[in-house]
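Student: Could we go through the charged pairs in this protein together? I would like to know how they are placed.

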Amino acid sequence: MRQLLKVAISFGLIGCLVLSPIEFVPSTDLTVQAKSASTTRTAERVTTEYTKVYASRSKKAKVILPLTFGTTVYQNATSGSWTKITYKGRTGWVPSATLMPSLISTEYLVNRTTDLYATWSTKGKRVTTVQSWNHVVKTGEYGKWSRVRVGEKTGWLPSSYLRAPYSNNRIARTVYGSHTYGVDTQAEYDVVYKRVKAEFDAKYDSAEFGFSEYIIRVLDGERGNRDSSDPEYRTPNNGGLLMAEMALEPYFDGSMSLKTYEKMYRTDNFLRYMHSKYKSTDVVGDKNLKSAYDVLFRGKNDCDSLEQVKSLVYDLAGIDNVVVGDGITHAVLMFKVDEGWMGSGSKAYTKSEIDSINSSSVYLSYTQKGTRISY
C-alpha cells in the first residue's frame, strides 16, 4: 500500500499538492448557531464522572440512584444546566456538565504502543497491550484518560495516545451516495457542496478548461523539434509542443481513450481553477485538518482535505471515486473511468493491485454505491 501511495503523483498528487494529471502548467467563516430547546430527542450520553440522579433539578432533591463514570444513559430533555436521563428504566435529572455524547461507535488510531489498564492510572491492573497504529473504539473519558475497546477487551489509556478519527465519517446525509467530503457537520457539508456546485455549473463547460492550442496542434499531427542543437529547440513555441506531446502520452500509448483523456483534462483544469480561486495554505502535522471546509472556507489544507475537495469535483463531473490512505500520514483519491480504476498513474490498476489496496488501506470514502473498489 505504501508503494502504491508513493507513486500517486501522475494523477493529482505530488506530496500533498493537488496538480493536474494532464496539463503541464507550472474566506469566509461559517458559524453554526446551536438551537436552544427545552426538549431533545432521546440520545445516548456517557457520564464523565461520578454523579447522582436526582428526582428534580436540584442537588437538594431526592437521590434516585448514583452513577459511576463511563455509564451510558439516555437523554430525554434539557433545562438550564440540567439534563433529564433514563437509566435501566429509571428516570431523573443530572447536571449536564457530567455528561458527554456517546462515543461507542467512534474509531481511533493509537499513535504508540501502550498498555491498556483496568482504571485511569498506570498503577491499575494491565488488561492488554495495544500496538502502535492499531484501531480502537473509544467508549468514554475521564480527565486525561480514555476508555477504549480492543476486540473483546476494554481498558484505559492516556487520551494523548489517540489520533483523532477522520472527520469525514461524522455526517449522516450526503448528496452523492456514500461520499462525505471530509466535513464535520451537515451545515459545513451544505456550504461546501453549494460553493463547489455553483462554480461547477458556471465554469466547468467553458472553453478555458478545454484543450490548449498546443494539445490541439499535436492531436492534429504537429510535433516539436527534439534536436537540442537546433536554435528552434529552445523557443517557447517548440517547448509548448514538446510538453503537449508529453501530456498526451496516456492517449498515445493506449492507456486512455481520447474521450477519457479529455474528460480528465477538463476536470483537473477546473480543479486547478478552484484551488487558485480559493487559496489555502499548506499545514503539516495538524491531525484535525481533514476537511474540504478547511480548504474552501478556512484557507488551510493538507493531503486529506485537498483530496476531499477533489472528490466532490470528480463527483460533479460524473467520475466515481474513493479516498483511501495508510491510516497514518497520507491520503489519495482513486477514480473510475472506462478503462478501470486509476489514481497512481495513467494506467488502470490490475486486480492484484486493487486486492492489495482493499486489504491494507483505510477507506475515507467509498464508491457511489457505498462499497470498496473492485476489479
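Tutor: Let us begin with a term: buried means under 20% relative accessible area, exposed means over 50%, and partly exposed is in between (1.4 Å probe, protein chains only). This is a predicted model, in which local features need pLDDT of at least 70, side-chain atom pairs count only at pLDDT 80 or more, and totals for chains, interfaces and linings use all residues. Residues are numbered from 1 along each chain as its sequence is written, and side-chain values use heavy atoms, with hydrogens and water left out.

Student: OK, how many salt bridges are there?

Tutor: There are ten salt bridges, each being a side-chain nitrogen of Lys or Arg within 4 Å of a carboxyl oxygen of Asp or Glu.

Student: Which residue does Glu199 pair with?

Tutor: Glu199 forms a salt bridge with Lys277, and their closest N and O atoms are 2.6 Å apart. Glu199 lies in helix α2 and Lys277 in helix α6 (residues 258-277), so the pair ties together parts that are 78 residues apart in sequence. Helices here are DSSP runs (H or I, at least four residues), numbered from the N terminus.

Student: And is Glu199 buried or exposed?

Tutor: Glu199 is buried, at 8% relative accessibility, whereas Lys277 is partly exposed at 46%.

Student: Switching topic, where do Asp294 and Arg298 lie?

Tutor: Both are in helix α7 (residues 292-298), four residues apart, which is about one turn of the helix.

Technical notes: Helix = DSSP H or I, 4+ residues; strand = E, 2+ residues; numbered from the N terminus.
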